[in-house]
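Hi,

Here is the structure I said I would pass on. Have a look at it first, and my notes come after.

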Amino acid sequence: MRRAATLAVLAAAIAFPLVATPLGWEFYVGFASRIMIYALAASSLNLVLGYGGMLSFGHAAFVGAGAYTAGILLTEGVPSAWIGWPAAVLVAAVLAVVIGAISLRTRGVYFIMITLAFAQMMYYVAVGMKTYGGEEGLRLASRPVIGLGLDLKDDVTFYYVVLAILAAALYGLHRLARARFGRVVEAIRENETRMEAIGFPTYRYKLVCFAIGGAVAGLAGALLAGHNSYVNPNLLYWTQSGTLMIMVILGGVGHLYGGLLGAVALLLLEEVFSVYTIHWQLGVGAILLAIVLFAPKGLAGLAAKHG
Amino acid sequence: MADAVLAIDGLAKRFGGVVAVDGVSLTVERGGIHALIGPNGAGKTTIIHQLSGALAPDAGRIVFEGRDVTRVPFHDRVALGLARSFQITSIFRTFTVLDNVALAVQARTGSSLSFWRPLAAETALFEEAHTVLERVGLGGRANVAAGVLAHGEQRQLEVALALATNARLLLLDEPMAGMGPEESERMIALIGRLKGTLSVLLVEHDMDAVFRLADRISVLVNGRVIASGAPAEIRSNEEVRRAYLGEEVLA
Amino acid sequence: MTGILFLEQSLNSLQFGLMLFLLAAGLTLVFGIMDMINLAHGSLYMIGAYLMASIAQATGSFWMALPLALIATAIVGALLEISLLRRLYERDHLTQVLATFAVILIANEGVRIIWGNQSLMLNAPAGLTGPVTLPGGMQYASYRLAIIAVGVLVALVLYFLVTKTKVGMLVRAGASNREMAIAMGVNIRRLFTIVFATGAALCALAGAMLGPILAVQVGMGENILILAFVVIVIGGIGSIRGALVGALLVGVVDTMGRAFLPAALREFLSPPVASALGPALASILIYVLMAAILFWKPQGLFPARG
């Protein structure tokens, strides 16, 4: 049942731009790309938060690090995505290892706060980079170049590239969750002391999980920079980490499609409400509250109950 | 004389102004069951915490199989062959009973930094887990979620988790806690079956179980060992009877 | 004249720190007693500032508006607690994050609907608009001195309330061991509502007092909320004393850092590097401070929970 649904959604996603262009919905192709990029970022947080049980409130720092890496390389004359995107992943991964190594020595609310603090530090670093736009952000000359006969400036092409990356990432998450590593990480979330008592060095596994989440977030950041042709310190502000968290919680913490569902739901909600009123945040807030009160396991939980 | 699998020398721990463990020394012989008894608050669980590595001692040495493990971290001691069960049940409630034990097997069979190959494909791992479950008598409950097990069965799972680590010394912290007579019988039989294949340091309040199972008994009162020896000696020791056993427990 | 500059920045630090304390006090109690992450705390600060600005404009008097704004915000806080937050105490931290984040969205938008997108004018009261000459000849804004006075007064009142009254004792008991407090028959529900409403009033006081100096605008809550969280983590969750010490520390480090660090850097580094690095470093100083304190004392300076 789940496999059929997955294939159906994938087919629909592949078909979407082909349908949209003749209908004059080109804008929505770009919008869909944006949703998928946030789905990637939210899924990377889902690994850390949902599967790993680590309430990281600073995940936006890794998205931002990836975005700025890709953006700076582009500005400095390296337009190739084959360099820019892996570099973004690498920088974000290294940052995640450093931040994780220190933060994971703390517990509970202190862990939340220290990840938040590190993210804010990165925000101010971004603001302080006057050569790369500072507070105003950095406008990028163009989208990155990927070769292979594909032109990323075309929204439809960019859409398919993002779709391929998202699909690969979700498949990777699927495999990881069922592999030894996924089992360990979930068990640590359930009962860390017991895991130590049966011989697992839990700190190590949490750090690796944190780093993988950060690395994938960096990739999402690079894609975001490419999509908008713009990077901005606001990407790293703590409310962005909050938004990512909301997506994961909304979609279903620890479910494979939690990040995807949450990103789709939140961004669609914003878009729908914006059509009717400029006060769309009110509607989104009200819906979120309703979910808290009536659907505590998020959208994936709802689907599981009825599916 | 059997060799000692565990030797504790002058172990001490204080919390603020309270001395919980005050210079405790004892040895556990290979293949035997050594019981540690004493009134509540005597320091028994604190000793278990220090032996397993959850707490760092303020003083003293812990020598396991001839090797000083006093500073070795919690999870590394398990790899060396020293594992514990918990007084307050600490299992993975949302996992099945089989998956619980499989985790312990997984910890010692290769690296878990494996991100691609499905765990379910490792049939050997789950077979080993099944064997452990049979050994503790939970074979029929393998696919039940651990959280819905009866209390007694959860205590059996506690022991199973420690067993599955292939430890050579088990630290069992009140395995019979909260058990009724029938469940206790099963647990006594279980622990009795372990004799000879590995060594056990057993902390217990259930005197019936202690005297039926133990080869040697140490009595802990106020953080100190007041007597150590064969069950018959302990039973007839005047100081022990006064401090702990009371006059009701006779031969 | 670095001596005067130093004194001026010290007073600014004190002023900023005391206002942070007002915010942190309510936050640490809610967190400490109810174990609830309340992201909407900054929204109460914003609502307090907006109410103050409106009432001050309507009545024409700063000092008449102040108590009214405090009471109004306390009522808003109590209503929020009773209608929504009360249901979150038993839920996990993630759910609390989601729900209070939603409250931020609703509050921000609600303020926009009522007051529009422009920032509001809030003027210092007449009589406190000019400078005052301090002993030694230095000039300092009289309004800022008033803020310091109010801050110290509130700190003393809170100290008295928490350590010397029955309610205060109940609050402290609840902060260090909630189950025990409940077991001892404390009417936890009413206590929580009172604590929350008091916290809201403190937020409003900070918002009202800082209004003439900072801008009264939508989103002002998010910026200061994060500082408040840093303060309570440094001070120790659940501790009023920790909130005060933490707030003063943060006030000093942040204000002094921003004032002197860029200049200090220019001693060692070339001007372009110093002017690029200076403000960024100054901004991250308090986070470095927090990380350092957590490293040495992982539960903060004065943790309430044993």
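**How the chains meet**

Two pairs of chains are in contact, and chains A and C share the most contacts. That contact takes 34 residues from chain C and 32 residues from chain A. On the chain C side, the elements that give two or more residues are α4 (93-115), α9 and α11 (271-296). The largest share, 16 residues, comes from α4(C). By class, the side of chain C that touches chain A divides into 25 nonpolar, five polar and four charged residues.

Over at the other pair, 27 residues of chain B are in contact with 20 residues of chain A. Here the elements of chain B that give two or more residues are α2 (74-80) and α3 (97-108), with α3(B) making the largest share at five residues. This side of chain B has 16 nonpolar, eight polar and three charged residues.

What about chains B and C: how far apart are their closest C-alpha atoms? They lie 12 Å apart, and no contact joins the two chains.

**Chain B on its own**

Chain B has nine helices and ten strands. Its radius of gyration is 18 Å, close to the 18 Å that the globule rule gives for 251 residues, so chain B is as compact as a globular protein of that length. The C-alpha trace of chain B spans about 60 × 40 × 40 Å along its principal axes. Of its 251 residues, 43% count as buried. If you take the contacts in chain B between residues at least 6 apart in sequence, 68% of them join residues at least 24 apart.

On confidence, the mean pLDDT of chain B is 88, and 96% of its residues reach 70 or more. Which elements of chain B have the lowest and the highest mean pLDDT? Helix α9 (residues 238-245) of chain B has the lowest, at 76, while α3(B) has the highest, at 94. Remember that α3(B) is also the element with the largest share of the side that touches chain A.

The part to watch is residues 247-251 of chain B, where pLDDT stays under 50. The model has three contacts beyond four places in sequence for that stretch. Where pLDDT is low, the predicted coordinates should not be read in detail.

**A helix in chain C**

Helix α9 (residues 220-235) of chain C is one of the elements on the side that touches chain A. At 1.5 Å a residue, its 16 residues should span 22 Å, and its end C-alpha atoms are 23 Å apart, which agrees. Because 14 of the 16 residues of α9(C) are buried, this helix is largely enclosed by the rest of the structure. After α9(C) comes C:Gly236, whose phi is positive, near 105°.

**A lysine in chain A**

A:Lys153 sits in the loop between β1 (138-139) and α6 (155-178) of chain A. Is A:Lys153 buried or exposed? A:Lys153 has 12 other C-beta atoms within 10 Å, so it counts as exposed. Leaving aside its neighbours within four places in sequence, A:Lys153 is in contact with A:Ser142 and A:Arg143.

Cheers

Note on methods
Residues are numbered from 1 along each chain as its sequence is written. Chains are lettered from A and ligands numbered from 1 in the order in which they are written. This is a predicted model: local features need pLDDT of at least 70, side-chain atom pairs count only at pLDDT 80 or more; totals for chains, interfaces and linings use all residues. Two residues are in contact if their C-beta atoms, placed from the backbone, lie within 7 Å. Helices (H or I, at least four residues) and strands (E, at least two) are DSSP runs, numbered from the N terminus. Ala, Val, Leu, Ile, Met, Phe, Trp, Tyr, Cys and Pro count as nonpolar, Asp, Glu, Lys and Arg as charged, and the others, Gly among them, as polar. The expected span of a helix is 1.5 Å times one less than its number of residues. A residue is buried if 20 or more other C-beta atoms lie within 10 Å of its own, exposed if 12 or fewer, and partly exposed in between; C-beta atoms are placed from the backbone. The radius of gyration is taken over C-alpha atoms; the globule rule is 2.2 Å times the number of residues to the power 0.38. pLDDT is the predictor's confidence in each residue, from 0 to 100.
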